[in-house]
Each structure stands twice: as structure tokens, then as C-alpha cells.
Amino acid sequence: MESERFPQVKIALRNCGQIDPENINHYIARGGYDGLRKALGMTAAELIEEVGKSGLQERSGGGFPLAEKWRRCLEAPGNEKIVVCNAAEGDPDSLIASTLLKEDPHSVLEGMLIGAWATGATRGVIYVSAHDTFVVNRLGTALSQAGIHGLLGDSILDSNLNFRVEIREGSERLACSDETFLINEMQGAPTMPFVCSPRPPLFGLEAKPTLVHQVEIWAQVSAILDKDAGRRSVTKMFTIFGAVTQPGLIEVPLGTTFREIIYDIAGGLPNGRALKAIQIGGPTGGYLPASALDLPVDEEHLSAAGAIMGSGSILVVPGDACIVDQAKCSLCFIQNESCGKCTFCREGTRQMADIMTDITEGRGETNDIDLLLELGEGLKVGAKCDLGRTAPNPVLTAIRYFREEVEAHIKERSCQARACSTLPLC
């Protein structure tokens, strides 16, 4: 999706649609693995410093700097370290991981190799959803070709880098990018692991220091040492859908406004429809009002508004939709995806979902809003992973920005959008 008024800046997407993803020579012809060659000419400290200069940050979890995360993994004790690519997209509307792995798998693999050299890792794991057999097959082809070209195994490119990668197929219910949740799923362990992240030091996959990034980050890492790609801008990929003329996958500089994304790139709402809300971050994302159109899309501004970058999904909600019903559906999805190991998340999301269901079905009570706020704040503080901590976002932002609509459902038993058909006065 391109726009003459507002062209995208493609770094992670730089090769998508430009190469045959099953032919490693196409990737190499466009500069593929040149970044790895440059990285191998640096020390780990020099490479981490270069990553720091790029300004690259995590795309969830508060925008933590990659360089600091890598440094912690490098300094962590242990003879064996592991690099993980989290390719399990729990958000059913997100196209980011699947598109990159289908269209440009070598960019992700090269990023993992660079991360391995920087941190001293010798093993890599790509974790994918069990149902995505197309991605698994394409990754298998890429790994086979990389091995033939001496890009996996021992003494890669005649260096001291030894690195092997395996594919693990995991739960189809993985609905969160949280590293604790991910690694527990991978090893079937009930204990909380250590991941090289801003969180307290515990243990990681197989009790080894483990560096985890999502697919998009690894694709961007492979471009960091390319002066024409990695230095242009810090970008973010988004899947934009809902009430827009041109839904699809985009990549824009961080700080781009919602107005530029929705109207300049995605063509605005069709047939002159009014914009009511924007949900960003997937099912755990917050609903922002139309007045947020000029909000820069980055971690700082989204956090202040009560939203998150999350999965990178942007849902455009038209004026005739019911935010109460939308928030209920998001919360019910989250509740269903909860692993159930954490009491706060298991019970808190269930209680909030029950209350939201009552409100949309005409059984709302006057103290429901206060109870939802109390439960939501408790989840944010007490849940053990990002799924639970962000689960209240849809409801909390619905109350924050659309309180009158929520109150109308309770006090007047009325849904102006006529989406809650069981309400007596609908």
C-alpha cells in the first residue's frame, strides 16, 4: 500500500514483493547477509554500540532499547545462550510476522545471526503457531539454503560464530508477546523464566540466558548495518483494517500521526463515514477517540493516552459502532486466551467480561463502572505477564473516552448504535 501524499519508509518490508523468498540468491543480490559480514568484523561490544546508535527499541513492553537488552544477555553468565524469534501471532488480525516470514525469511534469519554474534549465542529457536504450516515450510527452505551457503553451522563465513536454528511449533492459543509466557509455553514449564529483558533476573529457556525478539525486530536488525536502510528512520509496521478504504500492511516512521496513517495512507473511511474510535495494539489495545487523530504513534504518546503499540494492529471504528460492545468482544477474546496460571488474569478477565456482558444485555448496575475500574487497575498491577497487565485496556479506555456511552447502556438500557440487540430500549 503506497501513497503519493505520504510514502512509506520500508526497512523491515524492504524486500517483500521484490524477491523470490524461496531463492536465497535473490536476497543476497539485494545486499542480504552483508550486514552479517560487517557484524563479524566487529567485537560484540562494538556491534551492540552500533545497535544502540540505530535507536532501535522493542515494539512492545515500553520501547526498551535493544542495545541494553543485548548487553545484558552478553554479560549474563553461562556457556550456552539462546536467541529466540517469537513468530506466534496471537492477534488474529495481525499480518506482520506471517508476511515477513513468507516474503523475506532470510532477513529474519540474518537478524538472528547478528544477535547471536553480539550476545555469544550458539542456538536459535523460531517459535511459530502450530497451524501455520506454510510459514513452517518456508522457514525450512530458508534454513536449508542458509546451511548450504555456509550461513549456519560451525565457523560461519570463516568466523568464530557457530550457530544453529530450529523451528518449534507451539500452541495455537498463544495470544501474547510476553517473554515469560512465551518461554513457559516453549518448554512446558510452570516456573517463571529469566529472559534478558528489563524484568528481574530469573532463568530462561532450559535455564540458559535467552534473548527474545519478535519477527519485525529481527528483520530490522538485519538492516541496521546497511547505511541506506538502517539509518534512515526508526520505523514500525502496522496492520490497518476496519472501516478504511485501503486496509493492509504498512511501515512508517515512529511518530507518524493517526491522521497520516488512516487518511493519507489507508485512504480514510469510505463513503464519507465518520470516525468514532481507533483501537491500536490488538485485542489488548486501547480505544482512542477521533480527537486523537493528530497523536504521534510512538510508545510515549500511546502510553500517556492509555494505549499500547502491542501487536501493531490498528482497527478503525466508524461512527455508527458501539464502543461498549467492541470493548466487550476484545475482553472476551482475551479471557478465552488467558493461560489460566495467573489468578489475577484468570479471574480478573472473567469478572470483567461478565460485567461487560451484563452491561450489553441490559443487566448493568450503577456501580459497574467503579467495579470495572477497580478490577482493571488490579490486573495492571497484579498480573504476571503482559497479556494480563494489558487486558483491561479496552474497557479502561472505553470508560475514559466514551463514558457517556457506557453510562447510557447502564442507566438508560440504551445502545444508540443498536449493536446490543438484547437491550430493552434498543
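Residues are numbered from 1 along each chain as its sequence is written, and side-chain values use heavy atoms, with hydrogens and water left out. In this predicted model, local features need pLDDT of at least 70 and side-chain atom pairs count only at pLDDT 80 or more, whereas totals for chains, interfaces and linings use all residues. Helices (H or I, at least four residues) and strands (E, at least two) are DSSP runs, numbered from the N terminus.

Strands of a sheet pair through backbone hydrogen bonds, either parallel or antiparallel. Here two strands are taken to pair if DSSP finds at least two bridges between them. Strand β1 (residues 82–86) runs parallel to β4 and is joined to β4 by five bridges. Within this pair, N86 has Q214 of β4 as its bridge partner.

Most residues other than glycine have a negative phi, and most peptide bonds are trans. S155, however, has a positive phi near 50 degrees, and the phi of D158 is positive as well, near 60 degrees. Accessibility is classed as buried (under 20% relative accessible area), exposed (over 50%) or partly exposed (in between), with a 1.4 Å probe and protein chains only. S155 is partly exposed at 42% relative accessible area, while D158 is exposed at 78%.

A second open sheet has five strands in the order β6-β5-β9-β7-β8, and its pairing is mixed. Its edge strands, β6 (248–253) and β8 (286–289), each pair on one side only. Strands β7 (residues 275–280) and β9 (residues 313–318) run antiparallel and are joined by five bridges. In this pairing, Q279 has L315 of β9 as its bridge partner. Helix α5 (residues 96–103) packs on the sheet, touching β5 (235–242) and β6, and its direction makes about 115 degrees with that of β5. Helix α12 (residues 323–337) also packs on the sheet; α12 touches β7, β8 and β9, and its direction makes about 160 degrees with that of β8.

Strands β7 and β8 run antiparallel and are joined by four bridges, with A277 opposite P289 in β8. The two strands form a hairpin with five residues between them, and G281 in the turn has a positive phi of about 110 degrees. In a regular strand the side chains alternate between the two faces of the sheet. In β8 both faces are covered: G286 and L288 are buried on one side, and Y287 and P289 on the other.

In helix α3 (residues 44–54), the buried residues are A44, L47, I48, E50, V51 and S54. These cover an arc of only 155 degrees around the axis, which puts them on the same side of α3; the arc is that of the directions from the helix axis to the C-beta atoms. A45 and K53 are exposed on the other side of α3. The cover over the buried residues of α3 includes α2 (34–40), α4 (66–75) and α6 (105–119). Just after α3, G55 takes a positive phi of about 80 degrees.

Helix α14 (residues 368–382) has 15 residues and reaches 21 Å from its first C-alpha to its last, close to the expected 21 Å at 1.5 Å a residue; the expected span is 1.5 Å times one less than the number of residues. Its buried residues are D368, I369, L372, L375, G376 and L379. They fall within an arc of 130 degrees seen down the axis of α14, so they line one face of the helix. The face turned away from this buried side carries the exposed residues D370, E374 and V381. The buried residues of α14 are covered by elements including α13 (343–360), α15 (386–390) and α16 (393–411).

Conventions
Contact = heavy atoms within 4.5 Å. Axes fitted to C-alpha atoms, helices over the stretch in contact; angles between N-to-C directions.
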